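Please look over the model below before reading on. The explanation moves from strand pairing to the core and then to the ligand.

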Amino acid sequence: MLHFSTLTREERCSGGEIGRRASLRCWWEQSLGGSSPLLSIRYRPHSVCKVGAASFLVPRCESPPIPLITLTPILEPCSLDATLRVNETFHSIQGESTFVGCPCFFIRLGGCPLRCHYCDTEYAFRESAPRTLGALLDEARRVACPLVELTGGEPLAQARAFALIRMLCDAAFTVLIETSGSIDIQPTDPRAILVMDLKTPGSGECEKNLLSNLAHLRPHDEVKFVLTSREDYLWAREMIKTHALIDRVRAVLMSPVAAQARGKEIEGCAPLDPRALAEWILADRLQVRQQTQLHKHIWEPQTRGV
Ligand code: SF4
């Protein structure tokens, strides 16, 4: 008789032989691939929900080896008529990454499976409307800015985002993707540039980091830490060392968190002093790039669409 336990991505079950079937508990359609000790569950977001926590059931095991659960989106051919849930689009100045200061066309997708304490786009969790990939591509062409960023929310939580990224790359845009690092990045077009967060303990979402993503970062990608405290800084410093991040990506970014009021779904956060962070970095001779969010210096911090 099989016993089932509920797991989330990257969580390990108690070990042993993996059952032949695993079934998703709610809205995730799936099929099984791979074999012990790595159990892969391929999924596609439900046509209505689009995003959600990847809770699923696997047989409880009694002895090693311990299987590692990973989720890989199923990529389907997408037509220009396929839709994504979009929160907003706007033309502004890039506020972060090594592209800071450059004009950029932003496509903010709706929905995010995380709830970081400091999230400054909580409105994107709830506010979105369907737009076709063709309409988004046309708008990018009309804006005629060579740099396009997909952001959110969590843009990669909608599997069709990977098709839009490919289309934008085909159209010769430089494509940036701001991602939380909690979704498998493997299907991303290799021409696009990932700016991938590693969520610190102070974010409240550290356990959602999909660490297997680190192996799939390319030399032109960037990794970002948003830091809420000295403890977060020490955690980030250890991650950089353990995973040799400075040698593996174009830039490792460190951002002192800005103050964020409590929201409907997030806890809120006190700011971290940028000067304290600068002094820690200098004392450690850490070859990272400190950044603040430039757009919040240009416009009021709460301004949307900039
Ligand atoms: S990953 Fe965190 S910061 Fe980014 S949109 Fe989701 S909740 Fe907000």
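What follows is a walk through parts of this predicted model.

Six of its seven residues are buried, so β8 is largely enclosed by the rest of the structure. Strand β7 (residues 83–93) runs antiparallel to β8, and seven bridges join the two. Within this pairing, Val86 stands opposite Leu109 of β8. β8 also pairs with strand β10 (residues 147–151), here in the parallel sense and over four bridges. In that pairing Ile107 stands opposite Leu150 of β10.

Helix α3 comes next. The helix spans residues 161–170, and its buried residues are Ala161, Phe162, Ala163, Leu164, Ile165 and Leu168. Just after α3, Ala172 takes a positive phi of about 75 degrees.

In soluble globular proteins, nonpolar side chains tend to be buried together. The largest nonpolar core in this model has 57 residues, and those with the most contacts inside it are Ala161, Leu164, Ile165, Val175, Ile177 and Leu227. The element that gives the most to this core is α3, with six residues.

The last topic is the ligand. Which residues are around the ligand? They are Cys112, Leu114, Arg115, Cys116, Cys119, Thr121, Gly152, Gly153, Glu154 and Ser180. By class, this shell has four nonpolar, four polar and two charged residues.

Conventions: Residues are numbered from 1 along each chain as its sequence is written. This is a predicted model: local features need pLDDT of at least 70, side-chain atom pairs count only at pLDDT 80 or more; totals for chains, interfaces and linings use all residues. A residue is near a molecule or strand if its C-beta atom, placed from the backbone, lies within 6 Å of it. Ala, Val, Leu, Ile, Met, Phe, Trp, Tyr, Cys and Pro count as nonpolar, Asp, Glu, Lys and Arg as charged, and the others, Gly among them, as polar. A residue is buried if 20 or more other C-beta atoms lie within 10 Å of its own, exposed if 12 or fewer, and partly exposed in between; C-beta atoms are placed from the backbone. Two strands pair if DSSP finds at least two bridges between them. A nonpolar core is a set of buried Ala, Val, Leu, Ile, Met, Phe, Trp, Tyr and Cys residues joined through C-beta atoms within 7 Å.
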